[in-house]
Structures are given as C-alpha cells and as structure tokens.
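Here's a friendly walk through one protein chain. Have a look at it first, and then we'll go from one residue to the whole.

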Amino acid sequence: MKNLHALIMAAGKGTRMVSERAKVLHELCGIPMLQLVYRSAAALEPDNFFIIIGYDAERVKNSLAGLPARFIIQENQLGTGHAVITAREELEKHRGGDLLVLFGDTPRVRTETLRKLVEHHRDSGAATSLLTVHAPDPYGYGRIIRDSADRIQAIVEEKDASPEVKRITEINPGFYCFQITPLLESLGKLSNNNAQKEYYVTDLIEIQRREGRLVNAILHDDHEELRGINSRAQLADLSLALGKEKNRQLMASGVTLIDPDRTYVHLDVVVEKDVTIHPMVTLEGSTRIGEGCVIHSGTRISNSLIGDNVEILDSCVISDCRIGEGSYIGPSCHLHDRTVIGRQNKIGNYVEVVRSTLGDETRTMHLAYLGDATVGKKVNLGAGVIVCNYDGLNKNVTIIEDGAFGGSDSQLIAPIRIGREAFVAAGSTITKDVPPGAMGISRSRQAIKPDWTNRRRKRSGSDD
C-alpha cells in the first residue's frame, strides 16, 4: 500500500515466559511469533518496515534475516510510547504517510484484518485509528473509554484502572494506524505519570482527542485472532490452535490424517495430495512431502524433500535430506545432514546415513552406518556394514561404485573406493581399494579344536 509504513514493537523480554530468549522468538508451529506478525503485515506491501528491538537484539534480528526491515534499538524499555519515540528520526522522513503499529507477540492476526484497519483509517480521515474487541476475560488489557456519543475518549491500562473501569470488556489489543504528521506532534506530549512510570502509546488517544483530532475505534469480532501471548500456556494453546487449522487445510487439499489431533505439522510444510499420515508424526520446517507418500507413526521429518510414493515406516528421524520417489525407508532409520537418497531405494531398520549420497535402487536393509559416502546405483549392503569415516581428525570419504556388494558385518575404513560390481566378503575389514569386479576379503583363518569343551572342563576340575 502506497505511503504506508509498518512498525513492530519487539524490544521486550517477556518476563512471564521465564526464558532467556526474547518473547517474540518463541515459536508457534515452527515459526517465531515475530515472523508470523511480520508476514501478516508484509502482505500489505508497506514502503518501510521498522522493528523496535532491545532485549536479545541480535537473535531477534537473525529471526528476520534476509527480510527487508530496519531495526531500531530501544536501549531502555520505558514503555510502548517510548518505543515509538525511538523511531522518531525515521518517521520524520515520511511525513504525509501512515504508520501501522502492532506488537510482535500477536501472531494470529490476519492480513485481511490489518488491511481493514488501514483502509477504514484512510477512508475516515482520522488522525488515529485502532482495533478494539470485546474480551471474555479483559484482565491485563487497556480498557476502552467511550463518551455518550459512543466515541472513543481514552484507553486506561489495567494497573491504572478503577474497579468500575475494570468491568469494561471492550479492550485494546494493540493495533493502530496513525497519520505520521499528527503522531509526531503528539509524541512530545507523552508523559510517564502513571503506575508503571512508563510512556504509553495508548495515551496518544486521549492527547489527540483533547487536541480535537478525529480518533476512530474499529470494533473487531474475533478476540482470539488479536490475542497476545504472555505465557507458556498461552503459547501452547495458540500453537495447538494453529496446528489444528493447518491440519484442516491439509485434509481439505486431499491429505489423509489418520488422527488429526495427534499429527503435528509446521506451518511452512507442504504436503501434496493422496498422502497418508499416521498418528504421532511430526513434520517440521521447510519439509515437502510428495504425492502418494505414506508416513507411519512416530516419525519426525524436518527440512527435507520427500519424493512421490515414498513409504516411511515407524520411528524414523529424517532431517535435511532428499529422498527419491518410490523409496522405502525404515523402521527406525536416522537419515540426516544433507543426505540424498535416490529413487527406488530400500533403507531398512536401524540404518544411519549422514552426509552421503545413495544412487537409485540401492539397498541397505539392516544395522548399517554410512557416513561421508558416495554410493552408486544398485548397490547392496548387508547387515552390519559400517563405513569408518572418522580417523580422529578428519571425516574421510568412501566411494562405493554401481552394482557393488558389501557383505554382512564388514568395515570399510575410509578413505577407500569399492569398484564397480566388486564384492566385499562378509566379516571383512577393508583398508585398501577393491578394484572393479574383484573381491575384497580380510579375516583370520578359522581354526577348529575338536573336543575342546571336555578338555577345558578337565583342566578346570569342573564337571558342570
């Protein structure tokens, strides 16, 4: 929107969260609440974004890394009005525009609601417009004071409210749109003459009303959408609500959730149609699940790309991976750290693969470990094959070429290359390259000692 600028207050610690992290960094369905607020406002395409930061400033900055925003430090958190005052120098550059002000701890607000506020503000010609809502439990919020003509007169904060004012249920959830020029003129009249000894942005309403300026209060009908987060319990409640909403969207788009109440999908996850997800599955981060996949119980997948028609059995942990279409994974696999699995692979129970690439139609079905390995197509690795990739100083590379076979309980000590269609005999410890088509075998010759058990008993003097 032209001549619109947005300011998000994100400087506070949030003491009721009992955390060393700033409150706005706590996540809902995998996304920091500040980023959710930012996304809703960014969809309006404001000319500038100002983020007021203070406590835990670097981490707050990093949570919006790569996004267009100007960060303004509020060295001392002296209230919401003081937060706007710290942005005065920037706001002076944009006289004639409008400023949308919102809090970084209100992550459920929708773009449509913010658009309604801005458009109503501009249509009315008001100096200031704000959203209000009736709350079933107004405790902690500023109360809206109206005159006999139903016009807003002032906002009284909880700690400054009389018992009569506290009975008012219309509250201020903290969403404003200001004309910047009259806002700048009013900022100099703010005082901290209140119970908290802070500068309240809410006092601007009474100041501007005394000055004869038009102030609009737009009553919204959804308290839950505008509710702020102040505690871990509220964080959990809202995260659960967003998760349920995400699951409903998935089911409406053709995804089968066996038990939606026990399926946990982050907001940025993409799941294509005809996927079936069993209970207690968690999909995190930027994960994308292709069409026709089946994901069984207890599996967690984060920041991974899963191709079409992949089946992932129970209790797998998959992170930062790509898995090709038609592959069969699990149960109890651990695939992580930039691993790439080709098409039509079979990765079985208790297999770990890390920083490795496996070609198409490769099989490693039991109790194997592959680290820093490049494995070709149609390779078969038996139970207990281990790549020994770490020598105490360096992670070394293993290359297993197309069609090779690794016998059960063999160790491949990197750096090493197993050639095309080469065999490694079961129980071998391989320290040298195996040429294409050759067999590598390294194990002690077996010896048989007849009647050993009886002779041992006689030596020990025991008949047991």
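Let's start with F405, which is partly exposed at a relative accessible area of 32%; that label sits between buried (under 20%) and exposed (over 50%), using a 1.4 Å probe and protein chains only. F405 belongs to strand 35, residues 405-406. Together with F423, M439 and I441, F405 makes up a nonpolar surface patch with about 390 Å² of accessible area.

A quick word on where this comes from. The model is predicted, so local features need pLDDT of at least 70 and side-chain atom pairs count only at pLDDT 80 or more, while totals for chains, interfaces and linings use all residues. Residues are numbered from 1 along each chain as its sequence is written, and side-chain values use heavy atoms, leaving out hydrogens and water.

Zooming out, the chain has 11 helices and 40 strands (DSSP runs, numbered from the N terminus: H or I of at least four residues, E of at least two). Its radius of gyration is 31 Å, well over the 23 Å that the globule rule gives for 464 residues, so the chain is more spread out than a compact globule. That radius is taken over C-alpha atoms, and the rule is 2.2 Å times the number of residues to the power 0.38. The C-alpha trace spans about 110 × 55 × 45 Å along its principal axes. Of the 464 residues, 48% count as buried.

| Partner of strand 11 | Bridges |
|---|---|
| strand 6 (residues 98-103) | 4 bridges |
| strand 7 (residues 128-134) | 3 bridges |

Within strand 11, Q179 is the bridge partner of D98, and C177 stands opposite S129.

Note on methods:
Two strands pair if DSSP finds at least two bridges between them. Patches are made of residues with over 30% relative accessible area and no salt bridge: like charges are joined within 9 Å, nonpolar side chains (Val, Leu, Ile, Met, Phe, Trp, Tyr) within 5 Å. Accessible areas come from the Shrake-Rupley method with a 1.4 Å probe; for residues, only the protein chains shown count as cover. A salt bridge is a side-chain nitrogen of Lys or Arg within 4 Å of a carboxyl oxygen of Asp or Glu.
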